[in-house]
Amino acid sequence: MPLLAAVLASALAGCASTPPPTGELSAARQAVMRADDADADQYAPQDLNAARSALSAAQAAMSQGKDEDARRLSLTASAEADLAYARSREAVVRAEFDQRQGEIAELRRRLQEGGR
């Protein structure tokens, strides 16, 4: 019976200690860089700032050994950065779409004038 208790205690201790969230932190950094590269500063500044803030807090938590806080904040930073990226891409695509619509309207106008 004492052996069983020792095995269970050992197994529970192994479950309680999770590795530091280095992967999550790295993914958050990459997500923020991707949003930066997509001009999120211009098109989604609030989302990008939230991502940067969460990333900074995650890095601070990691350096203080607060792994669960670092993990949670890293995931938050990734999500905010992904949102900033998506909104930035949407704005760029919308602007391109609007430009093409204007070009089409201009071509139609020219065709109608030429037909008279």
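Serine 74 touches Glu24, Leu25, Ala28 and Ala58, residues up to four places away in sequence not being counted; contact here means heavy atoms within 4.5 Å. The model is predicted, so that local features need pLDDT of at least 70 and side-chain atom pairs count only at pLDDT 80 or more, whereas totals for chains, interfaces and linings use all residues. Residues are numbered from 1 along each chain as its sequence is written, and side-chain values use heavy atoms, with hydrogens and water left out.

Serine 74 is found in helix H5. Because its relative accessibility is 0%, serine 74 counts as buried (buried is under 20% relative accessible area, exposed over 50% and partly exposed in between, with a 1.4 Å probe and protein chains only). Across the protein chain, buried residues make up 22% of the 116 residues.

The protein chain contains five helices and zero strands, in the order α-α-α-α-α from the N terminus on. Helices (H or I, at least four residues) and strands (E, at least two) are DSSP runs, numbered from the N terminus. Of the contacts between residues at least 6 apart in sequence, 72% join residues at least 24 apart.

The axes of helix H2 (residues 22-37) and helix H5 (residues 67-114) come within 8 Å and cross at roughly 20 degrees. Axes are lines fitted to C-alpha atoms, for helices over the stretch in contact, and angles run from 0 to 180 degrees between N-to-C directions. H2 and H5 are therefore roughly parallel to each other, a term for angles under 35 degrees. On the H2 side, the contact is made by Glu24, Leu25, Ala27, Ala28, Ala31, Val32, Arg34 and Ala35; H5 contributes Arg71, Ser74, Leu75, Ala77, Ser78, Ala81, Asp82, Ala84 and Tyr85. These residues divide into eleven nonpolar, two polar and four charged, where Ala, Val, Leu, Ile, Met, Phe, Trp, Tyr, Cys and Pro count as nonpolar, Asp, Glu, Lys and Arg as charged, and the others, Gly among them, as polar.

The largest nonpolar core has 18 residues, and those with the most contacts inside it are Val32, Ala35, Leu48, Leu55, Ala81 and Ala84. Such a core is a set of buried Ala, Val, Leu, Ile, Met, Phe, Trp, Tyr and Cys residues joined through side-chain atoms within 4.5 Å. The elements that give two or more residues to this core are H2, helix H4 (45-63) and H5, and H4 supplies the largest share, six residues. Leucine 48, leaving aside its neighbours within four places in sequence, is in contact with Val32, Ala35, Asp36, Ala40, Asp41 and Ala84.

Definitions and conventions
Parallel < 35°, antiparallel > 145°, perpendicular 65-115°, else oblique.
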